[in-house]
Amino acid sequence: AAGFQLLVSSFTERPKLPDNYTQDTWQKLHEAVGAIQSSISIKYNLEELYQAVENLCSYKVSATLYKQLRQVCEDHVKAQILQFREYPFPHAQKWSCTDSLDSLLFLKKINKCWQDHCRQMIMIRSIFLFLDRTYVLQNSMLPSIWDMGLELFRNHVISDKQVQNKTIDGILLLIERERNGEAVDRSLLRSLLSMLSDLQQVYKESFEQRFLEETNCLYATEGQRLMQEREVPEYLHHVNKRLEEEGDRVITYLDHSTQKPLIACVEKQLLGEHLSAILQKGLDNLLDENRISDLTQMYQLFSRVKGGQQILLQHWSEYIKNFGTTIVVNPEKDKDMVQELLDFKDKVDHIIEVCFQKNEKFINLMKESFETFINKRPNKPAELIAKYVDSKLRAGNKEATDEELERILDKIMIIFRFIHGKDVFEAFYKKDLAKRLLVGKSASVDAEKSMLSKLKHECGAAFTSKLEGMFKDMELSKDVMVQFKQYMQNQSDPGNIDLTVNILTMGYWPTYTPMEVHLNSEMIKLQEVFKTFYLGKHSGRKLQWQTTLGHAVLKAEFKEGKKEFQVSLFQTLVLLMFNEGDEFSFEEIKMATGVEDSELRRTLQSLACGKARVLIKNPKGKDVEDGDKFIFNGDFKHKLFRIKINQIQMKETVEEQVSTTERVFQDRQYQIDAAIVRIMKMRKTLGHNLLVSELYNQLKFPVKPGDLKKRIESLIDRDYMERDKDNPNQYHYVA
């Protein structure tokens, strides 16, 4: 239903006003306004005055009333300017001490004038409230009584050029003094600046622009001066302090709109202008000394400035590459290289986590930088990482519980990931693993298996298949030995030597050079028995005995009593000779045992020149020379019953190391050849550049274009492929 509204008009006429009511009433109001402006008490009560305004408005004299009120206020405000005329206005830009005092008195005076004006306008408005709420509201062109007051104050006091300049100069002087560390009247500043804000454009146009210009000059000079005088941590600390101070200024007395341009100005002059200088002067030092809190501050400050993080990233990367290169490139540091790499990686990880807020960009660039420097020296880091793992997985590694060992292996894998020639690692790892397995020197099967699964996860099953094969061989050998023991019990003459054999599948294990030596008859007989037993089960297989890997436990009797020796097969052959006589020359021993010259010298050295001297060498000396004589040491003493005489062969020789590396290179040649043939077989015809780029995609190790070229030539010579007759850069597959 529609809503109806009933309007009732009053037909009674409004009572007429006494003739001079308007004039008398205005007189009263005028007096009251005057009393407010002079800060004396008003004769009439406020209720009565408020009512009087309402009466006048009811009788359509609002327009006149507004005009008259405006005029009275304007006259009063105009009169205020006179008190500022008597102030001296300095001509020079700089203020002397008396000027500065004058300036402060002037500011206090202008502030009092403003505070009085506001207080008066509030009271005047409360009397003329009815006028403000009716007539003024209905006329959108008219400012409210309060706004009218502001307009008058702006036009007649603050727009006066001299007053305005002196006010703003005074405010800027106070701020400058505060920035120099003096205590100033902050409430005075707050009041004056809020006055400028209230007077609309005065703050923006007259104050803020000059304030920002002065700030800019101050910090430009300060930045240049302090960059010369201070060390980087102190400088950054100062920048931080300045940013906090300016932020506090905004909260305490500046208008909020000034915050952005002000902070931007400080950041630009104290940071933005000096980014590279700060980094060149101080970053390496902070990183070398691991100054966590200073680095955190640097990162936070640089993150505030455009381009700050980018330039910090570049310097961070350079630092990692330079520092890392010093670890990797110097052969004298090889024995500590891996540990130093691990420590360095821990250090940069900690910095990224704590100082750089785990920023992805810093993490990724750190990885790239590690990869760059670690491959500056090909192959050696891979070899040393393999040896480091060996030292951790070998029995007698005191430091580690299983959890610690696991943690170390995880860290090693991270470094391993950065290496390009992983096949070098594999070759050395395989050689060391073989020693650990064959000499029963592994600290923990779990740790060995854990490392294998890490490698498999990282490089795929093909990478670890041979290593896994080695473990399988060891397991199978155990089973074979159980069966062999039973087999021996059924023999008519089982002999008095206990034989244990490990059967190693040729392709899985490192290549060992077979060495023919003269075993005694009992040993040869046992070997034959085992051969018959094994080939009876596995016909078609071929056994090749590896004398270099053999070891034995020998029982011996001395004056002091019985002992047992844990020795290599070569040491065994030498010691067994002394059952036949007490003294032999080097040449006689060589003839009898058939052990290769340098191997024999090392063996005799271990028996006659080491800690446990079972033989006496004549003449004395630490090297074995031709013509030396060796005598059985019947007076041998030792606190242990079972003595391990270190097999010198457990120590890696330089030749061994070179041959391992050479084998890797040989293996790489085969892999390159196989890859070329594979690609050509599929493509039939291919240009040189395309073939090379395809090879780079397929090969897992770093190669030089020259090496690839050599392999291509070699395959052309062997008729696997041919050059195109017209275009020498084009190849064809030869089926």
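Trainee: In which loop is Lys 358 found?

Mentor: This is a predicted model, and its residues are numbered from 1 along each chain as its sequence is written. Local features need pLDDT of at least 70, side-chain atom pairs count only at pLDDT 80 or more, totals for chains, interfaces and linings use all residues, and side-chain values use heavy atoms, leaving out hydrogens and water. Helices (H or I, at least four residues) and strands (E, at least two) are DSSP runs numbered from the N terminus. On that numbering, Lys 358 sits in the loop between helix H15 (337-354) and helix H16 (360-374).

Trainee: What is the phi of Lys 358?

Mentor: Lys 358 is a residue other than glycine, yet its phi is positive. The value is near 55°.

Trainee: Which residues does a cis peptide bond join?

Mentor: Look in the loop between strand S4 (615-618) and strand S5 (629-632), where Pro 619 has its place. The bond has an omega of about -5° and joins Asn 618 and Pro 619.

Trainee: How are H1 and H3 oriented to each other, roughly parallel or roughly antiparallel?

Mentor: Helix H1 (residues 21-38) packs on helix H3 (residues 62-85) with the axes 11 Å apart and an angle of about 30°. Axes are lines fitted to C-alpha atoms, over the stretch in contact, and angles run from 0 to 180 degrees between N-to-C directions. Angles under 35 degrees count as roughly parallel, and over 145 as roughly antiparallel. H1 and H3 are therefore roughly parallel.

Trainee: Which residues of H1 and H3 make the contact, and how many of the contact residues are nonpolar?

Mentor: Contact means heavy atoms within 4.5 Å; H1 brings Trp 26, Leu 29, His 30, Val 33 and Gln 37, while H3 brings Leu 65, Gln 68, Leu 69, Val 72, Cys 73 and His 76. Ala, Val, Leu, Ile, Met, Phe, Trp, Tyr, Cys and Pro count as nonpolar, Asp, Glu, Lys and Arg as charged, and the others, Gly among them, as polar. In the contact of H1 with H3, no residues are charged, 4 are polar, and the nonpolar ones number 7.

Trainee: How many charged residues has the contact of H7 with H10?

Mentor: The axes of helix H7 (residues 161-179) and helix H10 (residues 232-252) come within 12 Å and cross at roughly 145°. Ile 175, Glu 178 and Arg 179 in H7 meet Arg 242, Glu 246 and Arg 249 in H10. By class this contact has 1 nonpolar residue, no polar ones, and a charged count of 5.

Trainee: What about H19 and H20: are they roughly parallel or roughly antiparallel?

Mentor: The axes of H19 and helix H20 (residues 445-459) come within 13 Å and cross at roughly 160°. The helices are therefore roughly antiparallel.

Trainee: Which residues of H20 make the contact with H19?

Mentor: H19 uses Lys 422, Phe 425, Tyr 429, Leu 433 and Arg 436. The contact of H19 with H20 has 6 nonpolar, no polar and 3 charged residues. From H20 come Glu 448, Met 451, Leu 455 and Cys 459.

Trainee: What volume has the largest pocket?

Mentor: On a 1 Å grid over the protein atoms alone, a pocket is an open set of points with protein on both sides within 12 Å along at least five of seven lines, whereas a cavity is a set where a 1.4 Å probe fits but cannot get out; lining residues have an atom within 4 Å of a point. The largest pocket is lined by 47 residues, with Leu 499, Thr 500, Val 501, Gly 550 and His 551 nearest its centre. Its lining divides into 25 nonpolar, 15 polar and 7 charged residues. Volume is the space filled by probe spheres set on the points, which are joined across faces, edges and corners, and for the largest pocket this is about 1,800 Å³.

Trainee: Which element gives the largest share of the lining of the second largest cavity?

Mentor: This cavity has a volume of about 40 Å³. Gln 37, Cys 73, His 76, Val 77, His 117, Gln 120, Met 121 and Ile 124 line it. H3 and helix H4 (97-127) each give two or more of these residues. The largest share, 4 residues, comes from H4.

Conventions
Parallel < 35°, antiparallel > 145°, perpendicular 65-115°, else oblique.
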